[in-house]
Amino acid sequence: MNDTSLASTPAPVRNERPDTLLADLHATVLERLGDDARGLIIERAVLGIFFTGVKLSNAAGGLCATPIKRVPEAVCCPSSAKAMPTPGKIAGRSAVQVLEDLYRPQDLRRALAIATLNALAETLWLRDGGPASAEVREGDAFDALVIPPGRRVALVGAFPPYMRELRRRGQPFNVLELSPETLKPEEMPFYVPGERAPEVVPQADVFITTGTTLINDTLDGLLRLLRPGAEAAVIGPTATLIAEPFARRGVTVLGGTRVRKADELLELLAEGGSGYHLFGKTVERVTLRLSGSARQPA
C-alpha cells in the first residue's frame, strides 16, 4: 500500500497520547490545522550532520537538530538501519503518519518527526499568522530574557555566545552539560554534570535550554523542576513555535525558527550546513514572549 493513502488518517485523539510536551504540541498542531493537515505529504527530507530538515507538499519547511551523538548505532550499517527512518521511503509519506515517530525511542526517527511537526507549525503561521497569546519578536531569544544583575542562571547545554555574555556581565550561572569536553578551560568553573539538574534547576532564577531536550525526552522533567516565578526559555531550531503548550509548563520565552527558503535550506543541509550557514539566509529566528505562563499542577 502506498504511504500517501494514509493521508486521510484522522488526527490522533489527545487522550490517547502520553501527558508530555511533545504530545501536547502534536495534538495542538493537528487540532488547529484540521483537514488542512491530512493531505500534506513530505516532498523531501534531509538528515544532515547538524540539522534534519523537511519540505512539505505545500512548500512549508521545518527543522530539528540532528542528535548524532545520541545514535551509537551509527557506527555500523546493520544496527544503524534500525535507528534510521527508512531511506528511499520518506518522500511521499503522509506528514500525519510521520508524526507517529514522535513516540519512538529512536532519536533520528524522532528528529525527523519533530522537523515535520515544525513544518506543520509553519503551515499554521502561513495560514493564521503568529499566536495572539504571545508577543512576537525578531532576533535571538536571549535578548528577550529578563536577567536582573546577580540572579542565578542555569544553562542546559553549552551555549558559547550566552556563556560569553553571562561572564561579561559577571552573572552567576551554571552549565549543565553531558559532554564537558565541549567546554573551554575558562568555562569549566561553571560546569555541573547533567545528573545534578534536580539540585541546580530549582535554585535558578533564569533557566535556558535548547529545544534538543525535546528529542532526548528530558525537557518535561527539567520544566517540572522550575521554581515558581522563574524565567524559563526554550531556544533553538528544534523548538516548535506553538505558544500554549510551552506556556502551560512555565516557559516564558520561546525561541525558534521559520524556514523561508526550504529548497535552498535542504541543499545546504545535504552539504553539511550548520547554523552559521542557515540563519539570516534560509532560516529566520523568531522569539515569542509568552503571556500567562503558568505550570499545570503536578
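User: In which sense do strand 9 and strand 10 pair?

Analyst: This is a predicted model, where local features need pLDDT of at least 70 and side-chain atom pairs count only at pLDDT 80 or more, while totals for chains, interfaces and linings use all residues. Residues are numbered from 1 along each chain as its sequence is written, and side-chain values use heavy atoms, with hydrogens and water left out. Helices (H or I, at least four residues) and strands (E, at least two) are DSSP runs, numbered from the N terminus; two strands pair if DSSP finds at least two bridges between them. Strand 9 covers residues 231-235 and is joined to strand 10 over 3 bridges, and the sense is parallel.

User: Over how many bridges do strand 10 and strand 11 pair?

Analyst: Leucine 254 stands opposite leucine 288 in strand 11. Strand 10 and strand 11 pair in the antiparallel sense, and the number of bridges is 7.

User: How many residues of strand 10 are buried?

Analyst: Buried means under 20% relative accessible area, exposed over 50%, and partly exposed in between (1.4 Å probe, protein chains only). Val253, Gly255, Thr257 and Val259 are buried on one side of strand 10, and Leu254, Gly256 and Arg258 on the other. The buried count for strand 10 is 7 of 7.

User: What is the strand order of the open sheet of 3 strands?

Analyst: The pairing in this sheet is antiparallel. Strand 1 (42-47) and strand 3 (61-65) are the edge strands, each pairing on one side only. Strand 2 (residues 51-56) is joined to strand 3 by 5 bridges, with valine 54 opposite glycine 62. The order is 1-2-3.

User: What is the average twist from one strand to the next in that sheet?

Analyst: Axes are lines fitted to C-alpha atoms, for helices over the stretch in contact, and angles run from 0 to 180 degrees between N-to-C directions. From one strand to the next, the twist averages 15°.

User: At about what angle to strand 2 does helix 10 run?

Analyst: Two helices lie across strand 1, strand 2 and strand 3. Helix 5 (residues 107-128) is one of them, running at about 145° to strand 3. Helix 10 (residues 262-270) also lies across these strands, and its angle to strand 2 is about 150°.

User: Within what arc do the buried residues of helix 10 fall?

Analyst: Ala262, Leu265, Leu266 and Leu269 are buried in helix 10. The arc is that of the directions from the helix axis to the C-beta atoms. Seen down the axis, these buried residues line one face of the helix, because they fall within an arc of 95°.

User: Which helix do the buried residues of helix 10 pack against?

Analyst: Contact means heavy atoms within 4.5 Å. The packing partners include strand 1, strand 2, strand 3, strand 10 (253-259) and strand 11 (283-290). The helix among them is helix 11 (275-278).

User: Is glutamate 122 buried or exposed?

Analyst: Glutamate 122 is found in helix 5. Not counting residues up to four places away in sequence, glutamate 122 touches Ala60, Gly61, Arg258, Val259 and Arg260. Its relative accessibility is 5%, so glutamate 122 counts as buried.

User: What is the relative accessible area of arginine 260?

Analyst: Arginine 260 sits in the loop between strand 10 and helix 10. Leaving aside neighbours within four places in sequence, arginine 260 is in contact with Glu122, Thr282 and Glu284. Arginine 260 is partly exposed, with a relative accessible area of 43%.
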